[in-house]
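I opened this notebook to record what I looked up about charged side chains. The entries follow the order in which I checked them.

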Amino acid sequence: MDPRSAYVHIPFCHRRCFYCDFPVVPLGDRADGASSGSIAAYLLLLHREIASSPAGPPLATVYLGGGTPSMLTGAQVAGILEALERRYGLAPGAELSLELDPASIDEARLADYLAAGINRVSLGGQSFDDRVLAELGRRHRGEDLREAAAWLRRARRRGELASWSLDLIQGLPRQGLAHWDGQLAEAIALEPPHLSVYDLSIEPGTVFERRLALGELALPPEDLAADLMDLTWSRLTDAGYGHYEVSNYALPGHASRHNRVYWSGAGWWGFGMGATGAPRGRRRAHPRTRAGYAEMLAATVALDGEAEGVAEGPDGAEGEGMPFDERLMVGLRCREGVNLERLARQERLAPALLDGLRRRLGDYERRGLLRVEGPRWRLADPEGLALSNGVLREMLAWWQELERPSPQAHPAPAP
């Protein structure tokens, strides 16, 4: 099935945060889309990719992520949305999201984005604490975040913005329960319809990885990390937020439709340097450098602008669907879980293999963390979702230990 969602990667940042391993291009604190030749040159490539991509149905969700998309002007954002509309069309009521950095936004620029058609915003706050923000390598400070949130709140009350989300990070160095409780209280007071609360992850090649190796990064012990997750769940659910995915909470009607596409295993277009997409079920990752991205376009887009395998992959074949282990992982991150029996039938796995997986995860089930309810497997909320990494690691290990089954080797009964 052709995708009805698109992710567009804007790789530019003022600076790289100390925990970040995303494909980004730092341009310095004074850089801006209105004056940067690097941004203008990149947007030419991006427009070329969109214009030359295979046609498909109108888009129901678009997400402009990064990087720092709010380094772009309103006109540049409007140009991207117009390019997508020319190629695919935008469905009535489409969710059009943009990531905002509090350090690169003012109320006038926000108004420009809303005039361009953006109707949902993801605000990258991470923390309200100036000391923590400095340790993360963030450019903004707590007051910048509060001010940006106030602009978003007013825009929503005026009916100019359908929804917005606030990002926070838990499990930070030297973070205790009292400090985190204060951060959550501040977040709730700002009335975001959606909250994404991510665990700090130490990624290879980052400043934080080097600091950890040198013993300079005091991360919370595992039992405190679990207590922080419990506190997040209790505080946000008491405030009326539904916990619909491991890291995501939303007031009724404000869950991210675009993120639901990823978690459901549906396809999406991915545009831009470092972007990942799954058009027609086949996952594809673009090169993570500007030079590599330009070379990819030169190799896959003919001079007349027609696509040559941009979506289908090197052999031009149709996609084969998201791999079983990925569908399993993303499904179990959601509160409703995954219909594992249906997935197994689609993969043509013998029922005995699922029996073996259930025995392997028996301890999690006995502890009430994993629920097997007929064909549907799900993690209990909040305990199971908070400890999801252990279950997901076991499932991934189980899959990797299996020889890739063929229909002849492991026949499954017809549905």
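Which side chain meets that of Arg146 in a salt bridge? I found that the partner is Glu186, with an N to O distance of 2.8 Å. I note that the model is predicted.

I then looked up where the two residues lie. Arg146 belongs to helix α5 (residues 142-157) and Glu186 to helix α6 (residues 177-189). The pair, 40 residues apart, links distant parts of the chain. I checked accessibility next: Arg146 is partly exposed at 28% relative accessibility, and Glu186 is partly exposed at 28%.

Asp32 sits in the loop between β3 (25-26) and α1 (37-52), while Arg109 lies in helix α3 (residues 107-116). I recorded a separation of 77 residues, so this pair also links distant parts of the chain. Arg109 has a relative accessible area of 15%; it counts as buried because this value is under 20%.

Asp363 has a relative accessible area of 38% and is partly exposed. Arg367 is likewise partly exposed, at 49%; the value does not pass the cut-off for exposed, which is over 50%.

I also noted that Arg15, Asp29 and Arg139 are joined into one network by salt bridges that share partners.

Last entry: how many salt bridges does the structure hold? I recorded 19.

Technical notes: Residues numbered from 1 in each chain as written. Predicted model: local features only at pLDDT ≥ 70, side-chain atom pairs only at ≥ 80, totals over all residues. Heavy atoms only, no water. Salt bridge = Lys/Arg side-chain N within 4 Å of Asp/Glu carboxyl O. Helix = DSSP H or I, 4+ residues; strand = E, 2+ residues; numbered from the N terminus. Buried < 20%, exposed > 50% of the residue type's maximum accessible area, 1.4 Å probe, protein only.
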